[in-house]
Amino acid sequence: MDLFKVYPLWDIDIVRAEGSYVWDDKGTRYLDMYGGHAVISIGHTHPHYVEKVVDQLKHIGFYSNSVIIDQQRELASKLGELSGKRDYQLFLCNSGAEANENAMKLASFVTGKSKVIAMKGAFHGRTSLAVAATDNPSIVAPVNRTDHVVFVPLNDEAALEAAFEGGDVSSVIIENIQGVGGVRMAGEGFVRKIRSLCDRYGALYVADEVQCGCGRSGKYYAADWAGVDADIYTMAKGLGNGFPIGAISIAPHIAPKFGMLGTTFGGNHLACAAAIAVADVMAADRLVDHARELGDYLIGELKKLPRVKEVRGRGLMIGVELFEDAAPLRRKLLFDEKIFVGSSGDKNTFRLLPALNIGREHADRLLEALRKLLTTSC
């Protein structure tokens, strides 16, 4: 049997990782400034993380949600402390797409309405409703198409208000920093407008924090920069540092009912152990503050580089837009400088999504490589 080839692959076989470095099968070391799509939040194979997951596996790896799983309660408590949303409720699942799917479904259950407002440039996942709310027709199969999703331009308050006036709005879903869309940021005033319109029309505000959350922006949720609370926050990627886990954090005014949501593997013992380890390290090492402080330094230095049109983002979620196609630069960084960075839906923009505990020396290594490459032809 061959693999179903849906990914374009670099000809690199990564076999080992530690901290912010990965090694291929030939022994070549690479600086990882992409974290496997923003997944690696506390560094590869962090000792505490490895210890917690291995120890959990020695006791029990899985049982279903038909019994008490103490690790779920511990994780909920720790995420409440980290995020400051202590009175919110936690539902655990397996991925970002599943988190967004459940968030929009829950909003529709609660409000009794069917319309979802999403943003142009959005990416919310590849499952049925998540992909329907993703602004990329090429990945929306005919079976996924629906009239229930309305797209409005990011930061266009007039278009947002007009979409509400059409009625039947169950939720607004927004990445407060768009990832695949090119690290485009929602204005704080726009986010506050979402909150006020949801309150006025009886809809729920869903903050998609799958990529921009879990401390990456310099606050636990990127949505919190606007100073208002979402009704539902979705999480995945950095939550488990590589172990598959997703979650939604649900405001206290939303009451659960048996059977409303469900999952087989969500919140299993191993996934919770991984996420608890991540939360432990984030709290002990003040990684949310560190992401903000180092991100400020990195963004400031990136803006000084030649051939850079714009630098966008917050914390350690950064998009660098060039005046030209970024693909040749990414290739040079990878094969000449041995540094991983990411692409985006905007061909001129590359993304930086490193572990939240990278050091100044890692940032400076990237800056040195970029400075060299951007003063020569790529």
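**Strand pairing and helix packing in a predicted model**

Q: How many bridges join strand β14 to β16?
A: In this predicted model, strand β14 covers residues 317-322 and runs antiparallel to β16. Within this pair, Ile-318 stands opposite Leu-352 of β16. The number of bridges joining β14 to β16 is four.

Q: Which strands stand at the edges of the open sheet of three strands?
A: The sheet is open, its pairing is antiparallel, and its strand order is β13-β14-β16. An edge strand here has a single partner, so one side of it is left without a neighbour in the sheet. The strands in that position are β13 (308-314) and β16 (349-352).

Q: What is the average twist from one strand to the next in this sheet?
A: The strands concerned follow the order β13-β14-β16. From one strand to the next, the twist averages 20°.

Q: Is α2 roughly parallel or roughly antiparallel to α8?
A: Helix α2 (residues 47-59) packs with helix α8 (residues 269-284) at an angle of about 155°, and their axes are 9 Å apart. Angles over 145 degrees count as roughly antiparallel. The relation of α2 to α8 is therefore roughly antiparallel.

Q: What is the handedness of the crossing of α2 and α8, and how many nonpolar residues does their contact have?
A: The crossing of α2 and α8 is right-handed. Among the residues making the contact are His-48, Tyr-49 and Leu-57 of α2, together with Leu-270, Ala-273 and Val-281 of α8. By class, the contact has three polar and two charged residues, and its nonpolar residues number 10.

Terms used: Residues are numbered from 1 along each chain as its sequence is written. This is a predicted model: local features need pLDDT of at least 70, side-chain atom pairs count only at pLDDT 80 or more; totals for chains, interfaces and linings use all residues. Side-chain values use heavy atoms; hydrogens and water are left out. Axes are lines fitted to C-alpha atoms, for helices over the stretch in contact, and angles run from 0 to 180 degrees between N-to-C directions. Helices (H or I, at least four residues) and strands (E, at least two) are DSSP runs, numbered from the N terminus. Angles under 35 degrees count as roughly parallel, over 145 as roughly antiparallel, 65 to 115 as roughly perpendicular and the rest as oblique. A crossing is left-handed if the near helix is turned anticlockwise from the far one by less than a right angle, and right-handed if clockwise. Contact means heavy atoms within 4.5 Å. Ala, Val, Leu, Ile, Met, Phe, Trp, Tyr, Cys and Pro count as nonpolar, Asp, Glu, Lys and Arg as charged, and the others, Gly among them, as polar. Two strands pair if DSSP finds at least two bridges between them.
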